[in-house]
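Hello,

Here is the structure we talked about handing over. Please open it first, then read the notes below it.

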Amino acid sequence: MKPIIGIVAQFDWETGALTINDMYVKRIKKAGGIPVAIPPLVGITDVLEAIDGLIFPEGPDIHPKYYGGELTTKIRSLDVQRDEFELTLIKAALERNLPLLGIGRGAQALNVALGGSLYQDVVSEIPKAIKHDWTSGGKFLVHPSCKVHEVRIKTNSMLFEILKEKLNIEGTNEVFIGVNSFHHQAIKKLGEGIKPVAYADDGIIEGIEIPEKFAIGVQWLAEYLDEMQPLFDALVEKALEYKKSKIKEEIREEIRRQESETGKAAEKIVEEIIEELSESHRT
C-alpha cells in the first residue's frame, strides 16, 4: 500500500502546459509514495478524495490582495488562479488533517492561507537582510544544491525532530543548517496557529509549522538537498497513516450501513410477525 502525494503543478495559460519539478517526483518515489501532479483547474473536493498528502511547491509571487497588501512594482509575476486554488486547498486540507508540505512559495501560501502576510521584496523592505535571492531572470545564479546561508532551527520543533537523525545534530535550544536560497519575498506577519521554527541570520523566518498537525513550510528548496530527504520521508509516512485511517473509516461506515440495513430488515420481519399474530387472534 502506497500513499498518493499530490504536487500542485504550474499551469501555463498560453501554451496549456502543466509542469512540476521532477525533483519532487524523485523525492516522493524514494520515500515510497506515488507522486501525482495536481493542476489548479480541478475541484477541491475531488483532489482531497483522491490523495493522501500534499506538496505546495515554489512558484510565482502571491497576489498581495490575499494578505491585505497593495500591488507594487516589486512584484515579479502573478498567477491569481493558482493563488485561489492553493489557498482554498490548504484550508480544506487542514480541516481534514491531511499531511502537507510547503516549499518556497508553498511555505508563504500556508502562512497567507491562515491570515499571515508577506514582505513583497526582502531587499527593499529589510535593508539589513542577507542575500536570499540567488536568481536572475528566473534562472539560478548558483547550483540549486549550493548552500548559500545557514538557518537556525528550534530544537522544540517537528522540523528538528524530522531532520536531527539524518544530520546528526546536537544542541539544546537551536541548531544551524546550511540551505540554498532563491526567494525575494518572505513571511512577515504569522498566520493564526502558525509556529516559526527556523530563521536566517538576519531574523527572516525560514521555517514554519502547525503544532498538532503535519503541516510544515520551509523557505529553501528542500527538494535539491539530499539531507532534506527525511522531510519527504516524513510526509509520505504521515500520508500512509492518513490513508490507513481513511480506509478504516470507510470500512466502519460500510459496517454501520450494513448493520442499519440488517436492523431495518429485522424490524420489518418483527412487524410482519406481530401483524400475523394479530390477524390470527382476531380470527
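In helix α3 the buried residues are R82, D83, F85, E86, L87, L89, I90, A92, A93 and L94. Buried means under 20% relative accessible area, exposed means over 50%, and partly exposed is in between (1.4 Å probe, protein chains only). Helices (H or I, at least four residues) and strands (E, at least two) are DSSP runs, numbered from the N terminus.

Before going on, two notes on the source. This is a predicted model: local features need pLDDT of at least 70, side-chain atom pairs count only at pLDDT 80 or more, and totals for chains, interfaces and linings use all residues. Residues are numbered from 1 along each chain as its sequence is written, and side-chain values use heavy atoms, with hydrogens and water left out.

Back to α3. The helix covers residues 80-95, 16 residues in all. From its first C-alpha to its last it reaches 23 Å, close to the 22 Å expected at 1.5 Å a residue. That expected span is 1.5 Å times one less than the number of residues. Just after α3, N97 takes a positive phi of about 60°.

**Salt bridges**

The structure holds 16 salt bridges. Each is a side-chain nitrogen of Lys or Arg within 4 Å of a carboxyl oxygen of Asp or Glu. Side chains of opposite charge can pair when their charged atoms come close.

One of them joins D83 and R105, with the closest N and O atoms 2.8 Å apart. D83 lies in helix α3 and R105 in helix α4 (residues 105-113), so this pair ties together parts that are 22 residues apart in sequence. D83 is buried, with a relative accessible area of 0%. R105 is buried too, at 4%.

R105 also forms a salt bridge with E86, the closest N and O atoms being 2.9 Å apart. This pair links distant parts of the chain as well: R105 is in helix α4 and E86 in helix α3, 19 residues apart. Both R105 and E86 are buried.

Now a pair elsewhere. E249 bridges to R256, with the closest N and O atoms 2.7 Å apart. Are these two buried or partly exposed? E249 is partly exposed, with a relative accessible area of 38%. R256 is partly exposed, at 40%. As for networks, salt bridges that share partners join R82, D83, E86 and R105 into one.

**Nonpolar cores**

A nonpolar core here is a set of buried Ala, Val, Leu, Ile, Met, Phe, Trp, Tyr and Cys residues joined through side-chain atoms within 4.5 Å. The largest has 37 residues. Those with the most contacts inside it are I55, I153, L159, W220, M228, L231 and F232. Helix α7 (residues 229-282) gives the largest share of this core, 6 residues. Apart from it lies another core, of 32 residues, among them V8, L87, A92 and A93.

Take I55. Leaving aside neighbours within four places in sequence, I55 is in contact (heavy atoms within 4.5 Å) with I5, G6, I7, V8, Y24, I28, L101, F232 and L235.

L100 is found in strand β6 (residues 100-103). L100 is buried, with a relative accessible area of 1%. Not counting residues up to four places away in sequence, L100 touches L54, F56, I90, A93, L94, L110, F214, A215, I216 and L235. The C-alpha atoms of L100 and K189 are separated by 21 Å, and the two residues are 89 apart along the chain.

Where is N180 found? N180 is in the loop between β11 (174-179) and β12 (186-187). N180 is buried, with a relative accessible area of 0%. Beyond four places in sequence, N180 touches P144, C146, K147, V148, H149, W220, L221, Y224 and L225.

**The whole chain**

The protein chain has 7 helices and 15 strands. Of its 283 residues, 47% count as buried. The C-alpha trace spans about 100 × 45 × 30 Å along its principal axes. Among contacts between residues at least 6 apart in sequence, 71% join residues at least 24 apart.

Best wishes
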